[in-house]
Amino acid sequence: NVKSLRHHILAVWEQDAVVICEGEVKYTFHNGSEVEIPFVDIFRMEGDLIKDYRIYVDTSPLSR
């Protein structure tokens with residue numbers, strides 16, 4: 001079970017109506033162990049609203 005998670009943003013790029021966010025997410029478990037995993041999110045915007053949101057992350061380290 002995951003007790004908490006925290007995102008750390010490394011970089012953000014904007015091109016027209018697309019925002020790309022690169023970062024790391026740290027998962028903390030109830031036993032005190034932690035796993036940090038890289039991610040990339042892609043937001044397709046429509047004005048100030050998110051029209052489409054894609055998350056790219058390999059969560060396989062969470063099952064170890």
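Tutor: What follows goes through the sheet, the turns and then the charged side chains.

Student: What kind of model is this?

Tutor: It is a predicted model.

Student: Ok, the sheet. What is the strand order?

Tutor: The order is β1-β2-β3-β4, in an open sheet of four strands with antiparallel pairing. β1 and β4, the latter covering 49-57, stand at the edges with a single partner strand each, so one side of each has no neighbour in the sheet. From one strand to the next the twist averages 25°.

Student: How many bridges join β1 to β2?

Tutor: There are 12 bridges between β1, residues 2-15, and β2, residues 18-29, and the two strands run antiparallel.

Student: Turns next. Which residue takes a positive phi in the hairpin of β2 and β3?

Tutor: Gly-32, with a phi near 95°. That hairpin has four residues between the strands.

Student: What about the hairpin of β1 and β2?

Tutor: It has two residues between the strands, and Asp-16 takes the positive phi, near 55°.

Student: Is Asp-16 buried or exposed?

Tutor: Exposed, because its relative accessible area is 77% and the exposed class begins over 50%.

Student: Switching to charges. How many salt bridges does the count come to?

Tutor: Four salt bridges. One of them joins the side chains of Arg-44 and Asp-52, at 3.6 Å from N to O. Another is between Asp-52 and Arg-54, at 2.8 Å from N to O. Because these salt bridges share partners, Arg-44, Asp-52 and Arg-54 form one network.

Student: How accessible are those three?

Tutor: Each is partly exposed: Arg-44 has a relative accessibility of 37%, Asp-52 has 23% and Arg-54 has 40%.

Student: Which residue forms a salt bridge with Lys-51?

Tutor: Glu-46 does, with the closest N and O atoms 3.9 Å apart. The cut-off is within 4 Å, so the pair counts.

Student: And are Glu-46 and Lys-51 buried or exposed?

Tutor: Glu-46 is exposed at 52% relative accessible area, and Lys-51 is exposed at 60%.

Student: Now the inside. What is Asp-41 doing?

Tutor: Asp-41 lies in strand β3. The residue is buried but has no salt bridge.

Student: How far away is the nearest side chain of opposite charge from Asp-41?

Tutor: It is 11 Å away, and it belongs to Arg-54.

Student: What does the side chain of Asp-41 make a polar contact with?

Tutor: The side chain of Tyr-53, at 3.4 Å.

Student: What else does Asp-41 touch?

Tutor: Leaving out residues up to four places away in sequence, Asp-41 touches Val-19, Ile-20, Cys-21, Tyr-53, Arg-54, Ile-55 and Tyr-56.

Student: Last one. Where is Ile-50 found?

Tutor: In strand β4. Ile-50 touches Phe-43, Arg-44 and Met-45, again without counting residues up to four places away in sequence.

Student: How far apart are the C-alpha atoms of Ile-50 and Ala-17?

Tutor: They are separated by 9.6 Å, with the two residues 33 apart along the chain.

Conventions: Residues are numbered from 1 along each chain as its sequence is written. This is a predicted model: local features need pLDDT of at least 70, side-chain atom pairs count only at pLDDT 80 or more; totals for chains, interfaces and linings use all residues. Side-chain values use heavy atoms; hydrogens and water are left out. Two strands pair if DSSP finds at least two bridges between them. Buried means under 20% relative accessible area, exposed over 50%, partly exposed in between (1.4 Å probe, protein chains only). Lys and Arg count as positive and Asp and Glu as negative; His and the chain ends are not counted. A polar contact is a pair of N or O atoms within 3.5 Å; within protein, one must be able to donate a hydrogen and the other to accept it, and residues adjacent in sequence count only if both atoms are side-chain atoms. Contact means heavy atoms within 4.5 Å. Axes are lines fitted to C-alpha atoms, for helices over the stretch in contact, and angles run from 0 to 180 degrees between N-to-C directions.
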